[in-house]
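Work through the exercises below with the sequence and the model open. Try each task before reading its solution.

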Amino acid sequence: MLNLKQLKLILLDMDGVLHRGGTILPGAAELTSVLDRFDLGYACLTNNSSQLPATFATHLQQLGIAISAEHVITSSTATATLLRTRYPQGTRLLAIGMDGIQSSLFADGYFVSAESDVAAVVVGVDFNLTYARLKTATLALRAGAAFIATNSDRTFPAPEGLIPGAGAIVAALAAASDCTPEVIGKPEPAMFEAALQLFGVTSEQTLMVGDRLDTDIAGAQRVGIATAFVGSGVHSLQQAQAWQPAIDLVADDLAGILAQLTAGRE
């Protein structure tokens, strides 16, 4: 039985929980005031590696959701957090990806961007990917570099429809290099473990709120984090109620989860 009074950190998916496209969802506008009242830390988790946390935060703020950049964890920032625990400053990395991954890895000078003699090849979505980049990355992998994928999402939602995502690029490199990637983003444990490390809490003190059973819920359960499901996104309440292991909290939307949280904390 989940003890809501022991919680110290709330993790949230964004699209489907806080907003749907450009529409704010119930409970999102009140989120930070409710969590601040109970002195709860919070962070948004997204597998999207293309943009900076500040870009996501600006979008949320424009919708009326008062979340700042330091409360946004992308698969790129989670990847950078993990790699800093493995490699010393000055380590050479080859990164395929856009602003999100390039900034997360190289902006502070801890890692060095390189094309050869690299410790790892780090792959995110890249809308300007060329065959030459795939070739360079493949050669680095075949030379022994570690293979790190920010996420394995095969598609990426664009205005015109679903387009190739990071997972499609990762699959191409896996086929060309005969190497298996280590995946960081949801539902893999590393994404959640990075969040716990950043906030200095344990899995028992954390609740994940999500709308996708196969990423948000499954990933959190794998590392012992309590789960809350909202029916405002990808999967339905009926699917959530049939999910095993059972989800700790289920509601129509974030407003319903906040109501349960408030009742359990007061």
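**Exercise 1.** State what covers the buried residues of helix H4.

Solution. Start with the residues: in H4 (residues 99–106), Gly100, Ile101, Ser104, Leu105 and Phe106 are buried, that is, under 20% relative accessible area with a 1.4 Å probe, protein chains only. Helices (H or I, at least four residues) and strands (E, at least two) are DSSP runs, numbered from the N terminus. Next, look for contacts, meaning heavy atoms within 4.5 Å. The cover includes helix H3 (75–86) and strands E6 (92–96), E7 (112–113) and E8 (120–123).

The model is predicted: local features need pLDDT of at least 70, side-chain atom pairs count only at pLDDT 80 or more, and totals for chains, interfaces and linings use all residues. Residues are numbered from 1 along each chain as its sequence is written, and side-chain values use heavy atoms, with hydrogens and water left out.

**Exercise 2.** Find the aromatic pairs and classify each.

Solution. Rings of Phe, Tyr and Trp (its six-membered ring) pair if their centres lie within 6.5 Å; planes under 30 degrees apart are stacked, over 60 edge-to-face, the rest tilted. A search of the whole structure gives two pairs. For Tyr110 and Phe111, the centres are 4.8 Å apart and the planes at 80 degrees, so this pair is edge-to-face. Phe127 and Phe156 are also edge-to-face, with 5.1 Å between centres and 85 degrees between planes.

**Exercise 3.** Is Phe156 buried or exposed?

Solution. The relative accessibility of Phe156 is 14%, so Phe156 counts as buried.

Key:
Buried means under 20% relative accessible area, exposed over 50%, partly exposed in between (1.4 Å probe, protein chains only).
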